[in-house]
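User: I have a model open and would like to go through it with you. Can we start with how you decide that two residues touch?

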Amino acid sequence: MEHTIGPINELLGAVIATIGEHVPRDLTWQMLLLMFAMATGIWVLRDGWGAKGVNGRVKQRGLLHFLLPKEIYTHTSAKVDVGLYVIERLLHPIWATTFLVSVAPATESAVISGLEALWGAGPGLASHWGWMLLYSLVTLLVYDFLFYAIHYCEHNVPALWAIHKVHHSAEVLTPLTRYREHIIEGPIYAIGAALAYGFAGGLFGWLFAGSIVPATLFNIGFFAVVFGFNGAFRHYHVAFHYPKGLSRWLQSPVMHHIHHSYLDKHHDTNLAAVTSLWDRLFGTLYIPEKDEYTPWGLGPATQDQYRSLGQNIIGPFRDWAMMLRVNKKGDQQMHRE
Ligand SMILES: [Zn+2]
Ligand SMILES: [Zn+2]
């Protein structure tokens, strides 16, 4: 029996060559222009309403202040976004390359071998656009699930929350906030993405005897558009709602405003990247009311410890050291008793 090679293994060279442009987290001018065009549409339709201020409340403004408010783009938080963006962009190719060339192909081969062990060689289906679309959709759902799972753990395991806090320490939202993450967080999400691509690639590689190659390129392109638009707009201060029915399937940008709010009722909600399916399934979906108040950041109790770039970089290490000290104290207490 000839061993099937999946699309990611086959395309490895091309994948490495195009990583820079196609890893779906890039902020492009086209995306930004689309975002400004949509925001202008909201401004016209809502007569100047729909943009949130530093305080997380909607107010009426002129077009320029609506699109690029001074109070947001001169805020310390927005400046820290720039610093973390530069660091993230420098390190991202390293994580993306490392994990896309190791974890993704290994996962893909493992999935194909597993399926072959269970059911023998795949059915060798012929690929056409319908299958390509399904391949894109499955990749998206698997990616979204892994993103959800990692993000859920970050919100519920204190040692991981120490890392993810850096993303949530943003007191204002700018399109650069999506890259605001601690240096340790990059590799975690890169592994998740590599596993998702590898899993979907393995499944479809088995079904199509490795011949779904064009779908991989199509898939990455399609995915980049969905993720790019959502990623840019959800970290923008303009509230872009989808109709309630659609929000039950796709995360609207304003649903991420909720995710960044420090109010108790908003905590740990809307954890997925693109769809609403996983949040709905696991009970963390929160569809906001129109113009719902969303004060951003960590809240008055801890925000002071996460203001400057330096504070955001050392934050997790300081939290871990504190956790270790508390644990040690607890152990000593137990030994004495
Ligand atoms: Zn989060
Ligand atoms: Zn965010």
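Analyst: Two residues are in contact if their C-beta atoms, placed from the backbone, lie within 7 Å. By that rule Met31 touches Gly228, Phe229 and Ala232, leaving out residues up to four places away in sequence. Note that this is a predicted model.

User: Where is Met31 found?

Analyst: Met31 sits in helix α3.

User: Is Met31 buried or exposed, and why?

Analyst: Met31 is buried, because 20 other C-beta atoms lie within 10 Å, and the cut-off for buried is 20 or more.

User: How far apart are Met31 and Asn230?

Analyst: In sequence, 199 residues separate Met31 and Asn230; in space, their C-alpha atoms are 9.3 Å apart.

User: Zooming out, how many helices and strands are in the protein?

Analyst: The protein has 14 helices and two strands. Of its 337 residues, 42% are buried. Among contacts with a separation of 6 or more, 76% are between residues 24 or more positions apart.

User: Next, the largest nonpolar core. Which residues touch the most other members?

Analyst: Ala194, Ala196 and Ala200 do, in a core of 36 residues. Two or more residues come from each of α6, α7 (129-156) and α9 (185-207). Helix α9 gives the largest share, 13 residues.

User: What is Ala194 in contact with?

Analyst: Ala194 is in contact with Phe99, Leu100, Val103, Ala104 and Thr107, once neighbours within four places in sequence are set aside. Apart from this core there is another, of 22 residues, including Phe66, Ala170, Val238 and Ile258.

User: At what angle do α6 and α9 cross?

Analyst: Roughly 35°, with the axes coming within 6 Å. The crossing of α6 and α9 is right-handed. Their contact is made by 22 nonpolar, seven polar and three charged residues.

User: And how far apart are the axes of α7 and α9?

Analyst: The α7 and α9 axes are 9 Å apart, and the packing angle is about 145°. This crossing of α7 and α9 is right-handed.

User: Which residues of α7 and α9 meet?

Analyst: On the α7 side they include Tyr135, Val138, Val142 and Phe147, and on the α9 side Ile188, Ala196, Ala200 and Phe204 are among them. The α7 and α9 contact has 17 nonpolar residues, two polar and no charged.

User: Back to α6. Where does the kink lie?

Analyst: At Leu91, shortly before the proline Pro93. The kink is about 35°, and helix α6 covers residues 76-119. Just after α6, Gly120 has a positive phi of about 80°.

User: Backbone check, then. What is phi of Asp47?

Analyst: Near 55°, a positive value in a residue other than glycine. Asp47 lies in the loop between α3 (29-45) and β1 (51-52). Asp47 counts as exposed because it has 8 C-beta neighbours inside 10 Å, where the limit for exposed is 12 or fewer.

User: What about phi of Asp291?

Analyst: Asp291 has phi near 60°, a positive value in a residue other than glycine. Its place is in the loop between α13 (277-281) and α14 (309-336).

User: Why does Asp291 count as partly exposed?

Analyst: Asp291 has 16 C-beta neighbours inside 10 Å, so it counts as partly exposed. That class falls in between 12 or fewer for exposed and 20 or more for buried.

Definitions and conventions:
Residues are numbered from 1 along each chain as its sequence is written. Chains are lettered from A and ligands numbered from 1 in the order in which they are written. This is a predicted model: local features need pLDDT of at least 70, side-chain atom pairs count only at pLDDT 80 or more; totals for chains, interfaces and linings use all residues. The bend at a residue is the angle between axes fitted to the seven residues ending there and the seven starting there. Helices (H or I, at least four residues) and strands (E, at least two) are DSSP runs, numbered from the N terminus. A nonpolar core is a set of buried Ala, Val, Leu, Ile, Met, Phe, Trp, Tyr and Cys residues joined through C-beta atoms within 7 Å. Axes are lines fitted to C-alpha atoms, for helices over the stretch in contact, and angles run from 0 to 180 degrees between N-to-C directions. A crossing is left-handed if the near helix is turned anticlockwise from the far one by less than a right angle, and right-handed if clockwise. Ala, Val, Leu, Ile, Met, Phe, Trp, Tyr, Cys and Pro count as nonpolar, Asp, Glu, Lys and Arg as charged, and the others, Gly among them, as polar.
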